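Thanks for coming, everyone. I would like to walk through a few parts of this structure slowly, so please keep the picture in view while I talk.

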Amino acid sequence: GKEAKEAVDEGFDRLDQLDKLAGQNEDSDVSRINAAAGREYVQVDPAVYEMIEYAKDYSAKSQGEWDITVGVMTNLWRIGNDDQHVPSADEISRALMKVNYKDILLRPEDHSVMLAKAGMAIDLGGVAKGYAVDEIRKIYEKHHIESGLINLGASSMYAVGKTSKGKPWRIGIKHPRSDDDKTFLGIVSIENQALSTSGDYERYFIQDGVRYHHIFDPRTGYPARSGVMSDSIIIDGSVPHAGMLSDMMTTIVFVLGPQKGMELVNSMEGVDCEITGTDNAAGNSRAKPIGIAACQNNHAGRNFITVAERKGGKRHWVFYLQHGNIQFRIHPYQAYGNAFSIAQRYAQRMLVLNDMVGGNNMPFFSNNDAGTQTMNRQPLFNHEITILGRLRNACHACGVYADQYPFHQPGDT
């Protein structure tokens, strides 16, 4: 539109402002807060106050497994700098005593912040870029921009409307163990959605065969070893602070790991997640794509989450489905596409199935002695066979193929 250049120029000006406020320069609000730790409150810009307040809230929601006061660890390890190194166990132990989001004191009446203990430090690295995406989006809306991609270094972006060709924006998810920028785990399509990615390949060093990256576990003081190499979060633009939330959630899920991360995603509306997991705790092995898609079923008021894991061959997948508090395994079968798109399509088909059987009634489940849910080996009623047949046809329609009914294959446990 005619206001496009004005919007872009205003956007760059806002980015410069935020960088000066929340960056690592000595006179930034963040640096002033850290310098005054244990002594006094520091009045900050409302934007910085909002970031810290929001981040503290999500530190609490993760029960401290994600914590913006890991700034002391960032300063100790120095990852990404010439003097990066593995600190001694004693240094890490002493630094951990200064990591606690509960020691962030907020005074809303004048937008002042204080860190309760001397030596504490906050790090807004997993917050500020997403906040900036939201700010640019506001500027675009003010100037009536209906199509565009807000891209802040590929790790945080927002798709405004469709492309000039009237199609969703197609974004490649980087393979965390490939140096080729054109090698992707998969392609996701977004429209009026925020997308953020975090990974152990962004800033790291390897010592004695171990990869040390910049995403810290606030419980251990070491780079997180949660079984995640990278993860991507997609959040619908209708969700408040979609950009900032997607930025934070990628780091939160990275630290929580696939299981706890999936549970958190399941509790949120308008959020999709892709996780690439490691084969072992050391995090040095090849990537194993895991696609996690959360789909909200508004009719039944329940979430479905599917996890697609490569198993035994290039196109063979095992699906794990979470429906409310129920988790179960679906049989291996062939599927075409990347992990995230397959998982997302399967979750959508499960919503169709759920509607077929009337909301939350899932007749092909049975309770076992452990109190969890498993699949019946044999359909018990004729209508169940019909339902499974419909699911098979639905899967065929979205490019997923099976020789037998997905829920009825001999030998499965």
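Let me begin with strand S12, where Val271, Cys273, Ile275 and Gly277 point one way while Asp272, Glu274 and Thr276 point the other way, and where every one of these residues is buried. Please bear in mind that this is a predicted model. Since 7 of the 7 residues of S12, which covers residues 271-277, are buried, the strand is largely enclosed by the rest of the structure. Its pairing with strand S11, residues 228-236, is antiparallel and runs over 7 bridges, and within that pairing Ile234 has Asp272 of S12 as its bridge partner.

Now to the helices. Two packed helices are described by the angle between their axes and the distance between the axes. For helix H3, residues 46-61, and helix H7, residues 242-256, the axes come within 11 Å and cross at roughly 40°, which means that H3 is oblique to H7. The crossing of H3 and H7 is right-handed. Which residues of H3 and H7 meet? From H3 there are Met51, Tyr54, Ala55 and Tyr58, and they meet Met244, Leu245, Met248 and Ile252 in H7; by class, this contact has 8 nonpolar residues, with no polar and no charged ones.

H3 also leads us to a sheet, as it lies across S2 and S3 and runs at about 130° to S2. The sheet is open, with 3 strands in the order S1-S3-S2 and antiparallel pairing. Strands S1 (42-43) and S2 (104-107) stand at its edges with a single partner strand each, so one side of each has no neighbour in the sheet. S2 pairs with S3, residues 112-115, over 4 bridges, and Ile104 has Leu115 in S3 as its bridge partner.

Definitions and conventions: Residues are numbered from 1 along each chain as its sequence is written. This is a predicted model: local features need pLDDT of at least 70, side-chain atom pairs count only at pLDDT 80 or more; totals for chains, interfaces and linings use all residues. Side-chain values use heavy atoms; hydrogens and water are left out. Buried means under 20% relative accessible area, exposed over 50%, partly exposed in between (1.4 Å probe, protein chains only). Helices (H or I, at least four residues) and strands (E, at least two) are DSSP runs, numbered from the N terminus. Two strands pair if DSSP finds at least two bridges between them. Axes are lines fitted to C-alpha atoms, for helices over the stretch in contact, and angles run from 0 to 180 degrees between N-to-C directions. Angles under 35 degrees count as roughly parallel, over 145 as roughly antiparallel, 65 to 115 as roughly perpendicular and the rest as oblique. A crossing is left-handed if the near helix is turned anticlockwise from the far one by less than a right angle, and right-handed if clockwise. Contact means heavy atoms within 4.5 Å. Ala, Val, Leu, Ile, Met, Phe, Trp, Tyr, Cys and Pro count as nonpolar, Asp, Glu, Lys and Arg as charged, and the others, Gly among them, as polar.
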